[in-house]
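Hello,

Here is the structure I promised to pass on to you.

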Amino acid sequence: MFKRLAQFAALIGALVAFNAPALAQGSLSDTFSGEELVDSGREFFGSAAQGLASVVERAVGQYGQPNGYILGEEAGGALFIGAKYGEGTLYTRNAGQFSIFWQGPSIGLDVGGDGSKVMMLVYNLATIQDILGRYPGVDGSAYVIGGVGMTVTKRGNVVVVPIRSGVGARLGINVGYLNFTAEPTWNPF
């Protein structure tokens, strides 16, 4: 009887692993070097990549090598109360690539709108599900044409460092959060 239960458990485990790759467990310990991130970022950002290398080097120098990163696009706007929406792909060495979405509200002395290409460095990601959820933070913007900027958000052990290269007209500082989800939604909360 014990042998049949063990075989049944192994079969169920194999079916779950086959049908739900997003539920992959284990450590996503393989990291990306600063050079790999800069090369990937240059390819993604194109001509807007000026200054990207120094921002990535600063993040890697401060937080080490990430074990995942997101490449995507986002748009947002604010008139004291704002919202931000984005979508991209999460890249990991051990678990592959996954579509990811983010949105979030903000409040503060913030006026304007912007659109950005975003590279987010992800640290301490043990499973893909660890990235899902709300990451509070403070964001500041001051540009009329464009630029590259970096912020840091943290939830539990997972640290996300968004690096944005955007265009628009925005000035201010705000408090809010990014909510990472597996499906898109218009609800910023």
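**What turned up**

Thr151 lies in the loop that joins β4 (146-150) to β5 (153-155); strands here are DSSP runs of E with at least two residues, numbered from the N terminus. Please bear in mind that this is a predicted model, in which local features need pLDDT of at least 70 and side-chain atom pairs count only at pLDDT 80 or more, while totals for chains, interfaces and linings use all residues. Residues are numbered from 1 along each chain as its sequence is written, and side-chain values use heavy atoms, with hydrogens and water left out.

Now the rings. The whole structure contains six aromatic pairs (rings of Phe, Tyr and Trp, the last by its six-membered ring, with centres within 6.5 Å; planes under 30 degrees apart are stacked, over 60 edge-to-face, the rest tilted). Tyr69 and Tyr91 are stacked, because their ring centres are 5.1 Å apart and their planes meet at 20°. Tyr69 is buried at 10% relative accessible area, whereas Tyr91, at 21%, counts as partly exposed. A tilted pair is formed by Trp102 and Phe180, with 6.0 Å between centres and 45° between planes. This pair links distant parts of the chain, 78 residues apart: Trp102 belongs to β2 (residues 97-123) and Phe180 to β6 (residues 158-181). Both Trp102 and Phe180 are buried. Ring pairs also join Phe32, Tyr69 and Tyr91 into a cluster.

Finally, what lines the largest cavity? There are 19 lining residues, with Lys84, Asp139, Asn174, Tyr177 and Leu178 nearest its centre. β6 gives the largest share of this lining, six residues. The space inside is about 210 Å³. (A cavity is a set of points on a 1 Å grid over the protein atoms alone where a 1.4 Å probe fits but cannot get out; lining residues have an atom within 4 Å of a point. Points are joined across faces, edges and corners, and the volume is the space filled by probe spheres set on them.)

Best wishes

Notes:
Buried < 20%, exposed > 50% of the residue type's maximum accessible area, 1.4 Å probe, protein only. Helix = DSSP H or I, 4+ residues; strand = E, 2+ residues; numbered from the N terminus. 1 Å grid on protein atoms, 1.4 Å probe; cavity = no way out; pocket = protein on both sides within 12 Å on 5 of 7 lines; lining within 4 Å.
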